[in-house]
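Dear colleague,

Please find below the structure that I am handing over to you. I would be grateful if you could look through it alongside the notes that come after it.

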Amino acid sequence: MSKSFLSNLSVNDIRTGIDAETIAKAFIDNLYYAQGVTLINASKNDLYLALSLTVRDRMLSSWNKGLQDIIESKINKDFKIVSYLSAEFLPGPHLANNLVCLGIFEETKKAMELLAIDLDELLEQEEEPGLGNGGLGRLASCFIDSLANLSVPAFGYGIRYEFGIFDQELYDGWQVEITDKWLRYGNPWEIARPELSQEVFLGGHTEGYFDERGRYRVNWKPGRVVKGVPYDTPIIGYVDKNCNNMRLWKAEAIESFDFRDFNLGDYYAAVDEKVQSETITKVLYPNDETDAGKQLRLIQQYFFVSCSLKDMIRMHFFRNEEIHTLHKHFAVQMNDTHPSIAVAELMRILIDDYRLEWDEAWKITTNTLAYTNHTLMSEALEKWPLDLFKSILPRHLEIIFEINHRFLEEVRAQFPGDGSITYRMSIIDEAGCRYIRMANLACVGSHSINGVAALHSNLLKDIVLADFYRLWPHKFHNVTNGVTPRRWVAVSNTRLSALISEKIGNLWISDFHTHIGRLEEFVGDKNFRKQWQEVKTQNKMALCRWVKNHTGTEINPNAMFDVQVKRIHEYKRQHLNVLHIVTLYNWLKDNPSLEVPPRVFLFGGKAAPGYFMAKNIIKLINSVGNVINNDKEIGDRMKVVFIPNFNVQTGHLVYPAADLSEQISLAGKEASGTGNMKFSMNGALTIGTLDGANVEIREQVGAENFFLFGLTTDEVYARKTGGYNPWDYYTGNEMLRRVIDQISHGFYSNGDKNIFRPFVDSLLYRDEYMALADYQSYIDCQKQVDRAFSDTEKWTTMSILNVARMGKFSSDRSIGEYIAKIWKTGLK
């Protein structure tokens, strides 16, 4: 590299320049001045951090301009800031995504080549922020991405967990949880804002009094106070777009060190407050099977909600607005029930801190807040024991009682004489020890309630929230989920991205739902189909190398890659997939000349630490794989691989390589799903039930390009109501009976009949998710898959059409619908 260009650059060039030589110079400066090393003694992490700071510099002007515009109301006096409250965010690795969105990936690669550095190695160095458990957190991150891409001012509010979702390792086929130390080497993307810290009250008691105007007021005397410190991460849209903010809160002690205790020799007491406070944001989703775990989880939810609402009010006042107009300038979306304590907290702030009357406070609260429901499963609708809730949030309990009293008066007026409906709709569940129903609180305190797929929204209206729909039909909306094509195609599938852009230009990256359909024009082009096949083969070979390096298993890139990667749960029915695998294995053993395409079955996903049955399913997958993978007669005709520690980074490899996407949950159980969208956007075909967003995906791509099986939602309810007996299916299907007996008798567990006894007993005597009822339909459908895959040209055509017809499932379209139907932001 010549020295002349280094000495002729201005500071502005160094911070913002996007040509290779300027980026190289900026990188050297950050390495030297930020990391304190040179190229000679820098570690790989030093190199990664220096490059990340170099890239972050190029985001900050857009970020600061956006914040300035918000503060100075330059955009539009009446616009609303979107505040997305989510207990989870799964942004994935930042570096590659930011390089793509800034449009400097190639120039940065050249800059690193000038310095003899491999950019790919630095991309692999990044620790992934494990701030979520799965689809909920990934959806939140897709939405923040799309808000930036659409230039909508927004904050994503959440928790800065010190230790995220556990790292998953496999020992003898069993899942073992390892601490996720994602912050151990530093996080170059975040900026701490201690001057914007908020105080949060916990515990204690309340005292009533009359104010100077004779009005009854309540003073909350907390048992302890903690501090919430915000950490900001810029989230940028695609090329010349807005840069928004993911603001995550860390809990700290008001006073982290007590000199008096220390001088008295009580060293543990000296730091006790620090330890207790920091525990709040120590780990994602503490095990809530114990009372202590439940308490910590509730505190986590309240902590980040309280900090976030106070932060919004701080910004509101900074813009010289009055508290009375808060709802006109902020649209707050609660991502599932975790943030629903916002209803009571905003009421508390308005009534106790700003002394508004109840009716005005309620108007502001309900016009500010909106609620997204993400589940059809009653056990996932959070409930908190009254005594536990009172011990942590005594003032909020009083407010919830008053909200409930006023609400039930409205219910009784609307449905006179119907005592059962008041019992069902009450925020307080009077059964047993009494609980607070957080979903009911969210429904009552929000101006909008939305589901996340058309089927899901209908089921909410018909079953889960039917009473609320009868009372307030105007509140209910559907906004089908989407995923960002920046992360899930442009970043993760660079080969396919290049091919698509070669044909239709690159506008699809920023406006996927408008432009991707043009790809369909080329489906009849034989040369294009050949290029499409080559891209898929190269992606599969990349995954083959990763699987070999991380699991030791060699897989055939010419085989069908049949993939199911998602959280391990019985309702997602990974075990139904296993029943097909064992069935196919039996066929090949019985008839070695059977003509079926070779298959590689790939699984990935984590089981909740306390969820034994899910862990048993992981063990079953690995045990079946161990038998099949070591059967020399089978060879490459079948392989079974469990990808350990599946996350966004491994998703970058898996989604582009998949041929078949397994979306096989029982109809009526999956709210939407987003993995189904990621697979289809990358050209995989779907085998699935009419569940969640599968219904709409099938409508968009065409029934002929989707492998459908299984009971419908109505059929599921009918059979459940009629008395479903899984034993009937076991005794009535010889093929199924053979599979279950093999598992039961220890064929896949070295003769041990006890390992999978809980799994077999669950299937035969309960089968809550009706795997046995759907088994034969699933097996028959898999035969259709075999036939289609054997016709390469037909399969390729179906693959192209899947991508070309996925425009609806961009998160940009989803956000556009939130703006139009719910938030009314005042921006076009």
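Predicted model: local features only at pLDDT ≥ 70, side-chain atom pairs only at ≥ 80, totals over all residues.

Residues are numbered from 1 along each chain as its sequence is written, and side-chain values use heavy atoms, with hydrogens and water left out.

Cavities

The structure holds seven cavities of 30 Å³ or more. A cavity here is a set of points, on a 1 Å grid over the protein atoms alone, where a 1.4 Å probe fits but cannot get out; lining residues have an atom within 4 Å of a point. Grid points are joined across faces, edges and corners, and a volume is the space filled by probe spheres set on the points.

The largest cavity has a volume of about 130 Å³. It is lined by 14 residues, of which Pro-91, Asn-97, Ser-141, Ile-235 and Arg-487 are the closest to its centre. Two or more lining residues come from each of α5 (94-102), α8 (135-149) and β9 (224-236), and α8 has the largest share, with four. Helices (H or I, at least four residues) and strands (E, at least two) are DSSP runs, numbered from the N terminus. By class, this lining has six nonpolar, five polar and three charged residues. Ala, Val, Leu, Ile, Met, Phe, Trp, Tyr, Cys and Pro count as nonpolar, Asp, Glu, Lys and Arg as charged, and the others, Gly among them, as polar.

The second largest cavity contains about 110 Å³ of space. Among the 14 residues of its lining, Tyr-48, Glu-127, Trp-182, Gly-186 and Pro-188 are the closest to the centre. Helix α4 (residues 44-72) gives the most to this lining, namely three residues.

Sheet

Three strands form an open antiparallel sheet in the order β13-β15-β14, where strands pair if DSSP finds at least two bridges between them. β13 (383-385) and β14 (428-429) are at the edges with a single partner strand each, so one side of each has no neighbour in the sheet. Three bridges join β13 to β15 (residues 435-437), and Lys-383 has Arg-437 as its bridge partner in β15.

Helix α20

In α20 (residues 454-464), Leu-455, His-456, Ser-457, Leu-459 and Leu-460 are buried, that is, under 20% relative accessible area with a 1.4 Å probe, protein chains only. The buried residues of α20 pack against β16 (449-451), α21 (466-471), β17 (476-478), α31 (694-701) and α32 (713-721), with contact meaning heavy atoms within 4.5 Å.

With kind regards

Note on methods: 1 Å grid on protein atoms, 1.4 Å probe; cavity = no way out; pocket = protein on both sides within 12 Å on 5 of 7 lines; lining within 4 Å. Buried < 20%, exposed > 50% of the residue type's maximum accessible area, 1.4 Å probe, protein only.
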